Amino acid sequence: MEKLPEGLAEALLPWYDAHARDLPWRRDATPYRVWVSEIMLQQTRIEAAKGYFLRFMRALPTVRDLAAADQQTVLKLWEGLGYYSRARNLHKAAKIVVERYGGELPADAKALRSLPGIGDYTAGAVASIAFGLPEPAVDGNVLRVCARLTRCPDSVGDPKVKRGFREGLRERYPAGRCGDFTSALMELGETVCLPGTPDCGACPLAAVCAAGRTGHPADWPVMDEKRPRKVQRRTVFLLEHEGRVALVRRPDRGLLAGMWEFPNVEGELDEAAALCQADAWGCAPEALEPCGRALHIFTHLEWHMTGWRVRCGAAPDRFTWTTARSRAERYPVPAAFRAYKEQI
Ligand code: SF4
């Protein structure tokens, strides 16, 4: 693999000083705030994460507050962000930080990596941004920038390539400004060296960038072909009884673990089959009407959903019968069900 060019920090840091965006987690970048923001940003756009981050910090301002919260509170604060295992791991890790490290995140990338939900990327981000250590944080944006700087011929999906860039970057970390260097690389990938349309004219690294010089930098990075997602058809029920709506808690493991959902079954049920299903649950269905189709895309899976709204004569105990208020305050319902949530 080609070496990363010399002088990266010298070129990047003045640009970062002039262009860094004012983001909530950059103000008062404590280890806890950096950690929570990095976990949120793993699968969420910056604009969408800002409001969630501020709300999370208001509700749980310290590691100890997070450790002491119950899981439903944490999931409720995460409701709508998706990838809920991030929130569950954050919660588990906070308890370990309190028990093992007295409530302070360890200033050591290896110790950080041993915590649930913290991989190489997050450990590098927290270690460099919060503790000033020369630990690279290579996410998709940084990987793209590095692949272009070196015109990397190998797929960036290959773990060896990522490892190589991490080691290469480590040598480029400038003493005294490790956190800013990490943030500057991320900022460049997020605002200038964009996936389809890199703005090389505005880039502080243009003079040292191998892909930029070719005139068609968007040809990098080389990527693996994506595997097609599995499609699953589901039928979702809005079961209503005397102004309450049925919810059920998902199992503690697997997809959307511990979240609440509208009762649903695999397959696309027609009216007669949906009626039978509601009856089999003991809901004594009185009337039934369609409530639309919806699509939700997970990383490796698509749910193609059909909905039925059912007026029920009975409220069996197998479900939790909720009011609008209790749903808003207590029951985190994932964004996968947004189209149905909006109807009640
Ligand atoms: S010169 Fe162009 S391709 Fe190279 S890092 Fe800058 S924006 Fe990306």
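In this predicted model, helix α1 meets helix α11 through A9, L12, L13, Y16 and H19 on the α1 side and D180, F181, S183, A184, L185, E187 and L188 on the α11 side. Two residues are in contact if their C-beta atoms, placed from the backbone, lie within 7 Å. Helices (H or I, at least four residues) and strands (E, at least two) are DSSP runs, numbered from the N terminus. Helix α1 covers residues 8–19 and helix α11 residues 178–191; their axes lie 9 Å apart, at an angle of about 75 degrees. That angle makes α1 roughly perpendicular to α11. Axes are lines fitted to C-alpha atoms, for helices over the stretch in contact, and angles run from 0 to 180 degrees between N-to-C directions. Angles under 35 degrees count as roughly parallel, over 145 as roughly antiparallel, 65 to 115 as roughly perpendicular and the rest as oblique.

Residues are numbered from 1 along each chain as its sequence is written. Local features need pLDDT of at least 70 and side-chain atom pairs count only at pLDDT 80 or more, while totals for chains, interfaces and linings use all residues.

The domain assignment gives domain 1 (8–219) and domain 2 (230–341); such bounds come from an automatic or database assignment. The domain centres, taken over C-alpha atoms, are 36 Å apart. In the contact between the domains, 11 residues of domain 1 meet 9 residues of domain 2. On the domain 1 side, α5 (71–78) and α6 (85–101) each give two or more residues, and the largest share, 5 residues, comes from α5.

The ligand is surrounded by 15 residues, the closest being C193, C200, C203, C209 and G212. A residue is near a molecule if its C-beta atom, placed from the backbone, lies within 6 Å of it. Helices α9 (140–150) and α12 (210–214) each give two or more residues to this shell, and α9 has the largest share, 3 residues.

Ala, Val, Leu, Ile, Met, Phe, Trp, Tyr, Cys and Pro count as nonpolar, Asp, Glu, Lys and Arg as charged, and the others, Gly among them, as polar.

| Group | Residues by class |
|---|---|
| Contact of α1 with α11 | 8 nonpolar, 2 polar, 2 charged residues |
| Side of domain 1 that touches domain 2 | 3 nonpolar, 5 polar, 3 charged residues |
| Shell around the ligand | 12 nonpolar, 1 polar, 2 charged residues |

Strands β5 (residues 285–297) and β6 (residues 301–312) pair in the antiparallel sense over 10 bridges. Two strands pair if DSSP finds at least two bridges between them. A hairpin of 3 residues joins β5 to β6, and I297 has E302 in β6 as its bridge partner.
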